[in-house]
2 protein chains.
Amino acid sequence: MSGSLSLDAESLYRDLLRALQPQWGANDRLVGITSGGAWLAERLQADLGLSVPAGVISSAMHRDDFARRGLADGGVTRLPFDIEGAHLWIIDDVLYTGRTVRAVINELYDYGRPARVRLAVLVDRGGRELPIQADCAAARLSLPADQKLSLQRDPDGRLTFSLRG
Amino acid sequence: MSGSLSLDAESLYRDLLRALQPQWGANDRLVGITSGGAWLAERLQADLGLSVPAGVISSAMHRDDFARRGLADGGVTRLPFDIEGAHLWIIDDVLYTGRTVRAVINELYDYGRPARVRLAVLVDRGGRELPIQADCAAARLSLPADQKLSLQRDPDGRLTFSLRG
């Protein structure tokens, strides 16, 4: 982590878990955005004691800059439950412009029409370009546009943030 | 207006105008959602002194309940400026589930990729089913799901809210 900003991903994860626990509904389902959000959703599934596995979703197919980015994350979407009428929590590591979330919601709609979609993230870094907001964010801060914040996972499963200028 | 709730649409419109004025950028463009949002955008164009006409957008083609609702509002979209790279304010009378806004953003993307889309509404009535939020709302309140709130325009142009149970 460079600069004076220090984001402890493990500590933020515990805050996110604590924030989700009281509002978790019996029929709620987790969908993690690849790759950081999918790691988080996997951890949340265990820590919330959910029997239904978390879904994994890729924004690649619906991104508005698809032509430039291509299938950087492999375009893998796996949804092990019915999306039609589902109560979903989309999980991501960082909320920035909102374009990924828009793409992911459109990807979800390829599978069905969810009854409700909420969004939980570790960090809301500001800089929104679409009117999308997280229902739950463990941290809200403002980062310059030239900084790239992303979640990393060590071989032992420990989560850390990397900030590159 | 039935019940004890009283929403003065004209007074809320003035609040919305006052809230938008200080954050209005020289290159910002208005897009009103049919029909209430389009009435508001028309008024805002005049009151903000904009030379570029407001666009009008319909959510009908991209609504996830298109099969049930059909082209209730005629499906008219008229965008008298380039959407590619544009800084847009979507205007609507009432923000509720967020499904209309999702549909409208997808409709916009049929015309180009805007640089930024913000959302301004007269009333945010709660009840969100998608992680969409207004950047600017003249009133925020909570209404039961069985109440339908919609903007009406008199022949003389005066705006009023109707609330039906």
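Trainee: Which residues does Val123(B) touch, not counting residues up to four places away in sequence?

Mentor: Val123(B) touches Leu7(B), Leu12(B), Asp93(B), Val94(B), Ala137(B), Ala138(B), Ala139(B), Leu141(B) and Leu149(B). Contact here means that the C-beta atoms of two residues, placed from the backbone, lie within 7 Å. The model is predicted: local features need pLDDT of at least 70, side-chain atom pairs count only at pLDDT 80 or more, and totals for chains, interfaces and linings use all residues. Residues are numbered from 1 along each chain as its sequence is written, while chains are lettered from A and ligands numbered from 1 in the order in which they are written.

Trainee: What makes Arg18(A) buried or exposed?

Mentor: Arg18(A) has 11 C-beta neighbours inside 10 Å and therefore counts as exposed. Arg18(A) is part of helix α1 of chain A. Its C-alpha atom is 9.5 Å from that of Ala138(A), 120 residues away along the chain.

Trainee: How do you know that the span of helix α1 of chain A agrees with 1.5 Å a residue?

Mentor: The expected span is 1.5 Å times one less than the number of residues. For the 12 residues of α1 (residues 9-20) of chain A that gives 16 Å, and the end C-alpha atoms are 16 Å apart, so the two agree.

Trainee: Which residues of α1(A) are buried, and why are they said to line one face of the helix?

Mentor: Ala9(A), Leu12(A), Tyr13(A), Leu16(A) and Leu20(A) are buried. Seen down the axis of α1(A), they fall within an arc of 105°, so they line one face; the arc is that of the directions from the helix axis to the C-beta atoms. The face turned away from the buried side of α1(A) carries exposed Glu10(A), Ser11(A) and Arg18(A). On the buried side, α1(A) packs against α2 (36-47), β4 (116-124), β5 (136-140), β6 (148-153) and β7 (159-164) of chain A.

Trainee: Which exposed residues does α1(B) carry on the face turned away from its buried side?

Mentor: They are Glu10(B), Ser11(B), Arg14(B) and Arg18(B).

Trainee: Which residues have the most contacts inside the largest nonpolar core?

Mentor: Leu122(A) and Leu122(B), in a core of 94 residues. Such a core is a set of buried Ala, Val, Leu, Ile, Met, Phe, Trp, Tyr and Cys residues joined through C-beta atoms within 7 Å. Leaving aside neighbours within four places in sequence, the contacts of Leu122(A) include Leu12(A), Leu16(A), Leu40(A) and Leu151(A).

Trainee: Why are the copies said to meet through the same surface?

Mentor: 100% of the interface residues of chain B are also interface residues in chain A, so the surface is the same. In numbers, 18 residues of chain B are in contact with 18 residues of chain A. On the side of chain B, α4 (99-109) and β4 (116-124) are the elements that give two or more residues.

Trainee: What makes α4(B) mostly covered?

Mentor: Of its 11 residues, 8 are buried, among them Val101(B), Val104(B) and Leu108(B). The buried residues of α4(B) pack against α4 (99-109) of chain A, together with β1 (28-33), β2 (55-57), β3 (87-95) and β4 of chain B.

Trainee: Where is the cis peptide bond with omega of about -10°?

Mentor: That bond joins Thr34(A) and Ser35(A), and Ser35(A) lies in the loop between β1 (28-33) and α2 of chain A. In chain B, the bond from Thr34(B) to Ser35(B) is cis, with omega near -5°. Most peptide bonds are trans.

Key: Helices (H or I, at least four residues) and strands (E, at least two) are DSSP runs, numbered from the N terminus. A residue is buried if 20 or more other C-beta atoms lie within 10 Å of its own, exposed if 12 or fewer, and partly exposed in between; C-beta atoms are placed from the backbone.
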